[in-house]
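Here is a briefing on one protein model.

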Amino acid sequence: MKATARAHTNIALIKYWGKRDEEKILPTNNSLSLTLDGFYTTTTVTFNEDATEDTFVLDEQVVSGEAYERVSRYLDIIRRYAGKENIFADVYSINAVPTAAGFASSASGFAALAAAATRALGLDITDQELSMLTRQGSGSACRSIYGGFAEWEKGKKLDGSDSYAVPIVPANYWDVRVAAVVLSAEKKDISSRAGMKRTVDTSVFYQGWLNHIPDDLTEIKAGIMDRDFEKVGQIAEANCLKMHATTLGANPPFTYWHDTTMAVMQTVQTMRATGIPVFFTIDAGPNVKVLYLPEHEAIVEKTLQEAPGVSDVILSRAGNGISYI
Ligand code: ADP
Ligand code: DP6
């Protein structure tokens, strides 16, 4: 009744930003991501017949409060699915990714948890079923089941059974790289969950965001298949800016950006003006991820390291999907 799984984070190039059902975690729009080999979570789940409650240890610290409740509620979903409702688990997890700082620890965290828990309970499920189950822990996590590029299909059904990610191309299809520019590894003020809810509920720009998703998706998928870096980068950068624009139209308005976030965005645009193809994207946090090609790695790393407020630059390749250890 024990299993260990590893999952990598993913960076969305077309963002998931908004839910149509908050409890089941059903999104308002399809999203598309690249799985990263540089950031990951390794989780061991041990179901114990004698235990009277779940335990959760993250990075050698016993976790209580909201993060514990989230894991335990998620295990309830897995237990119900498995038809084994009265057995508790010890969850032991290590994040090789900053937690709650906009580096998608929730994505690698819940993907690893879902994979380890289902395997520990002896469930024999497809990747699609695993993605559907993972989605219910954290939406973006459902894309981390696969390596390379993956798309989360929002689905139409009320029960969420058609809302899961599907693979587009594996990690070895195209050597696109991502530099994660660390400006702040502190816990952010507004979680992605709270930020997207406020935006859906109040942003005057939200409908505009939704209107452009189908075109962005069609174009970016064609760009990925053609390995057309300019096209993929341009669409990803513009999609990120549209998502962040919705937060400014919310009530009360907010932004995840710091002054240093904008400085890095400008650094990227300046590099581009000098002929180096680089593009940025930003999740629900201040840190910036920069897309580049292998032949420009040295100059991209050096230029980003010298940008104002940058404390670290972590380089990553396309990563693989779930693995069991
Ligand atoms: P991030 O940008 O890191 O994804 P979020 O605020 O969206 O930030 O999610 C962070 C939350 O995800 C944490 O507070 C915790 O509840 C959960 N989380 C992070 N890592 C793990 C993990 N390894 N296992 C289970 N839950 C995790
Ligand atoms: C901006 O997946 O963290 O990173 O489903 O509420 O857990 P929940 O939200 P989460 O949101 C991620 C938002 C994003 C965009 C993306 O990854 O697609």
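Pro-252 sits in the loop between helix 6 and helix 7 (259-273); helices (H or I, at least four residues) and strands (E, at least two) are DSSP runs, numbered from the N terminus. A cis peptide bond links Asn-251 to Pro-252, with omega about -5 degrees. The model is predicted: local features need pLDDT of at least 70, side-chain atom pairs count only at pLDDT 80 or more, and totals for chains, interfaces and linings use all residues. Residues are numbered from 1 along each chain as its sequence is written, chains are lettered from A and ligands numbered from 1 in the order in which they are written, and side-chain values use heavy atoms, leaving out hydrogens and water.

**Backbone**
- Ile-25 is not a glycine, yet its phi is positive, about 55 degrees.
- The loop between strand 2 (19-21) and strand 3 (26-27) holds Ile-25.

**Domains**
- The chain splits into domain 1 (2-171) and domain 2 (177-316); the bounds come from an automatic or database domain assignment.
- The domain centres, taken over C-alpha atoms, are 23 Å apart.

**Domain interface**
- In contact (heavy atoms within 4.5 Å) are 32 residues of domain 1 and 46 residues of domain 2.
- The two domains bury about 3,100 Å² between them, 70% of it on carbon and sulfur atoms. Buried area is the accessible area (1.4 Å probe) that two parts lose on being put together, summed over both.
- Leu-13, Lys-15 and Trp-17 lose the most area in domain 1, together 27% of what that side buries.
- Three salt bridges are counted between domain 1 and domain 2. The criterion is a side-chain nitrogen of Lys or Arg within 4 Å of a carboxyl oxygen of Asp or Glu.
- Lys-197 makes a salt bridge with Glu-22; the closest N and O atoms are 3.5 Å apart.
- On the side of domain 1 that touches domain 2, strand 4 (31-48) is among the elements that give two or more residues. Strand 4 gives the most, with six residues.

**Aromatic pairs**
- The whole structure has seven aromatic pairs. Rings of Phe, Tyr and Trp (its six-membered ring) pair if their centres lie within 6.5 Å; planes under 30 degrees apart count as stacked, over 60 as edge-to-face and the rest as tilted.
- Phe-229 and Phe-279 have ring centres 5.7 Å apart and planes at 65 degrees, so this pair is edge-to-face.
- Phe-229 belongs to helix 6 (residues 229-248) and Phe-279 to strand 11 (residues 279-281), so the pair ties together parts 50 residues apart in sequence.
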